[in-house]
Amino acid sequence: MTQPLGLLAELTHRCPLACPYCSNPLVLESRTDELDTATWSRVFQEAAAMGVLQVHLSGGEPAARRDLREIVAAARDAGLYTNLITSAIGLDAVRLAGLQKAGLDHVQLSIQDIDAGSADRIAGYGGAHVRKLAFARHVVQLGLALTVNTVIHRANIGNTPALVALAAELGAGRIEVAHAQYHGWALRNRDALMPTAEQVFRAMEQVEPLRAAYSDRLVIDLVVPDYYASQPKPCMGGWARRSLNVTPAGRVLPCHAAETIPGLEFWSVRDRDLAEIWSQSPAFQAFRGTEWMREPCRSCDRREIDFGGCRCQALAIAGDAREADPACALSPYHARMQDLARPVQHDAPLTYAYRGRPAA
Ligand code: SF4
Ligand code: SF4
């Protein structure tokens, strides 16, 4: 069994934004169920003892937690490299400087598009874009490392080069050009988010010249869209191999969408040590390694490379989490996945079901 290297700490599902591709579940966890500061602190100590190197403080919007500074300090105390994944809403220069003093190492800022009108419409929040740009400048002025994350879909796919230029202009050292992954709210909004094949291939072709043009100041990471792929990604680096995800209420998941798979039993940090959960939780054991695989994965040369791709996508498209990821050309469900992209390519309206708010 491998050791985890990264911990995604979903501090809260609360968020002022309402992005239609949000990876949070359709039923959001409430504020009253959130883990307290002391429990997060214990979880970070347990994670570090297991060999985890990095914690990604995520949400929802982590700034919705009033104790964010104490949480950052606890992660630093545990010796973890601390990355804050934020929309910037709720963070001004003073609060950010406090987080830096508490030990914050890195900021990952989401940017929805290049102009305020489109960006705010995608986020479902007026005024967000201007605040994000100001926040990015505070991050750089403080000397914190900045990554810009931009989720690519039909409304912004034509702006990929301009989004890269914006990240460089803001002083980011890295940009993630992440084509939408159709889980959670993105699956619900798939018809409105899905670009055409022509748009996808054009946007992907643009990335290599951009990498060359910005090689002296910006790393460009490209997350390719599964619906137009022929080989799957090694989702999460393989189920229960590299990382774990703790929900706001304390359930420990092998990936953020794992709760969509029926029948899995998730253990909680409220009841058990993280190391015990990693090694023995039924949800982590369910798809660890290769023993669970059916054909075509079971006898495939790539089974230790991509681990059969994404279990949640297999469930969503093939109807069974034990199938090969339908992004794979060898999957009997590959054509079904391509068909799901095709009918919505041209005329589906850009009307979003915005991400909801958790119950109080
Ligand atoms: S994707 Fe959007 S709505 Fe979801 S947590 Fe991030 S900023 Fe909030
Ligand atoms: S058959 Fe399975 S292991 Fe082989 S490439 Fe496809 S998803 Fe990966």
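Entry 1. I began with Phe 307, which is found in the loop between H12 and H13. The model is a predicted one, and I kept that in mind for every value below. I looked up the backbone here and noted that Phe 307 has a positive phi of about 55 degrees although it is not a glycine. Is Phe 307 buried or exposed? I found 26 C-beta neighbours inside 10 Å, and because the cut-off for a buried residue is 20 or more, Phe 307 counts as buried.

Entry 2. I then turned to Ala 240, where phi is near 60 degrees, again a positive value in a residue other than glycine. I placed Ala 240 in the loop between strand S7 (219-223) and strand S8 (243-246). Ala 240 is buried, since 26 other C-beta atoms lie within 10 Å.

Entry 3. Next I looked for cis peptide bonds, and I wrote down the one that joins Gly 59 and Gly 60, with omega at about 5 degrees. Gly 60 belongs to the loop between strand S2 (54-58) and helix H2 (68-77). I also noted that the peptide bond from Glu 295 to Pro 296 is cis, with omega near 10 degrees, and that Pro 296 lies in the loop between helix H12 (282-286) and helix H13 (311-318).

Entry 4. I listed the surroundings of the ligands. For ligand 2, which residues come nearest? Of the 14 residues around ligand 2, I recorded Cys 297, Cys 300, Arg 302, Ala 324 and Cys 328 as those that come nearest. The shell of ligand 2 has 7 nonpolar, 3 polar and 4 charged residues by class.

Entry 5. I traced the sheet, which is open and has 9 strands in the order S7-S6-S5-S4-S3-S2-S1-S8-S9, with mixed pairing. S7 and strand S9 (252-253) stand at the edges with a single partner strand each, so one side of each is left without a neighbour in the sheet. Within the sheet I looked at strand S5 (residues 145-152) and strand S6 (residues 174-179), which run parallel and are joined by 6 bridges; the bridge partner of Asn 149 in S6 is Glu 176. Helix H6 (residues 160-170) lies across S5, S6 and S7, and I noted that H6 runs at about 165 degrees to S5.

Entry 6. I followed Leu 218, which is placed in the loop between helix H10 (207-213) and S7. With 21 C-beta neighbours inside 10 Å, Leu 218 counts as buried. Leaving aside residues up to four places away in sequence, I found that Leu 218 touches Ala 167, Ala 168, Ala 172, Gly 173, Arg 174 and Ile 175. The C-alpha atoms of Leu 218 and Met 1 are separated by 35 Å, the two residues being 217 residues apart along the chain.

Notes:
Residues numbered from 1 in each chain as written. Chains lettered and ligands numbered in written order. Predicted model: local features only at pLDDT ≥ 70, side-chain atom pairs only at ≥ 80, totals over all residues. Helix = DSSP H or I, 4+ residues; strand = E, 2+ residues; numbered from the N terminus. Buried ≥ 20, exposed ≤ 12 C-beta atoms within 10 Å, placed from the backbone. Near = placed C-beta within 6 Å. Nonpolar A, V, L, I, M, F, W, Y, C, P; charged D, E, K, R; others polar. Contact = placed C-beta atoms within 7 Å. Pairing = 2+ DSSP bridges. Axes fitted to C-alpha atoms, helices over the stretch in contact; angles between N-to-C directions.
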